[in-house]
Amino acid sequence: MFFIMNFVEPIIMSPNTLGKELQNLIKAILIERVQGSVTERYGYIICVVKFMEIGSGKILDTSGDVLFNVKYKAVVLKPFINEILDGVVEKIEPYGIHVNAGVLKIFISSSNFPGDFQYNENTKSYKSEIQNDEVKAESEVRFRITGINYEFNEFLSTAVMNESYLGPIK
């Protein structure tokens with residue numbers, strides 16, 4: 001789910017960067033540092049949308065550098081169990097599919113597909129004989145998240161498609 005959240009980030013600037021373009025430089029450094037980052041608590045920081053305040057700098061005694069606390073708003077994405085999302089199939093395997101929903105990576109086991117879907121080795125896809133649906137690479141699917149694991153600076157999720165209104169999107 002997407003949220004807009006308030007954050008405070010400390011930015012340390014060396015004395016030779018202090019000048020007319022200081023605020024623009026601080027904003028650029030903050031955007032480079034936080035956009036695209038991820039934490040287990042807040043999720044993915046997608047985009048900085050507003051700079052609320054760049055605090056007055058505090059000179060650090062040991063180095064002469066200046067510390068600025070920057071308050072900003074950002075759009076974040078954090079997955080939740082039971083959330084229903086749409087995604088694009090990235091990879092098909094006999095035991096399930098790998099789906100991308102933006103920056104989220106989701107695995108859906110073949111045991112969590114509707115019962116009539118069967119893996120087809122020739123076409124590397126899952127086909128439904130009853131509804132005449134097919135799930136292949138680049139297909140869009142709707143799923144419900146059942147598990148979330150945070151590892152190596154990313155969220156890895158598991159999901160199901162074997163419930164009403166879930167599955168391939170036509």
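## Helix α1

What span should the 13 residues of helix α1 have at 1.5 Å a residue, and how far apart are its end C-alpha atoms? In this predicted model, helix α1 covers residues 22-34 and should span 18 Å, which agrees with the 18 Å between its end C-alpha atoms.

Four residues of α1 are buried: L22, I26, L30 and V34. They cover an arc of only 80 degrees around the axis, so they lie on the same side of α1. After α1 comes G36, with a positive phi near 90 degrees.

Now to the cores. The largest nonpolar core has 22 residues, and those with the most contacts inside it include I97, I106 and F143. At least two residues of this core come from each of β6 (84-93), β7 (96-101), β8 (104-109), β12 (140-151) and β13 (154-160). Leaving aside residues up to four places away in sequence, I106 touches several residues, among them V99, F143 and A159. Apart from this core lies another, of 16 residues, including F7, M13, L22 and A74.

## Aromatic pairs

There are nine aromatic pairs. One of them joins F7 and Y42 edge-to-face, at 5.2 Å centre to centre and 85 degrees between the planes. F7 sits in strand β1 and Y42 in the loop between β2 (38-39) and β3, 35 residues apart. F7 counts as buried because its relative accessibility is 11%, while Y42, at 27%, counts as partly exposed.

F113, F117, Y119 and Y126 form one aromatic cluster.

Key:
Residues numbered from 1 in each chain as written. Predicted model: local features only at pLDDT ≥ 70, side-chain atom pairs only at ≥ 80, totals over all residues. Heavy atoms only, no water. Expected span 1.5 Å × (residues − 1). Buried < 20%, exposed > 50% of the residue type's maximum accessible area, 1.4 Å probe, protein only. Arc of directions from axis to C-beta. Core = buried A, V, L, I, M, F, W, Y, C linked by side-chain atoms within 4.5 Å. Contact = heavy atoms within 4.5 Å. Phe/Tyr/Trp six-rings, centres within 6.5 Å; stacked < 30°, edge-to-face > 60°.
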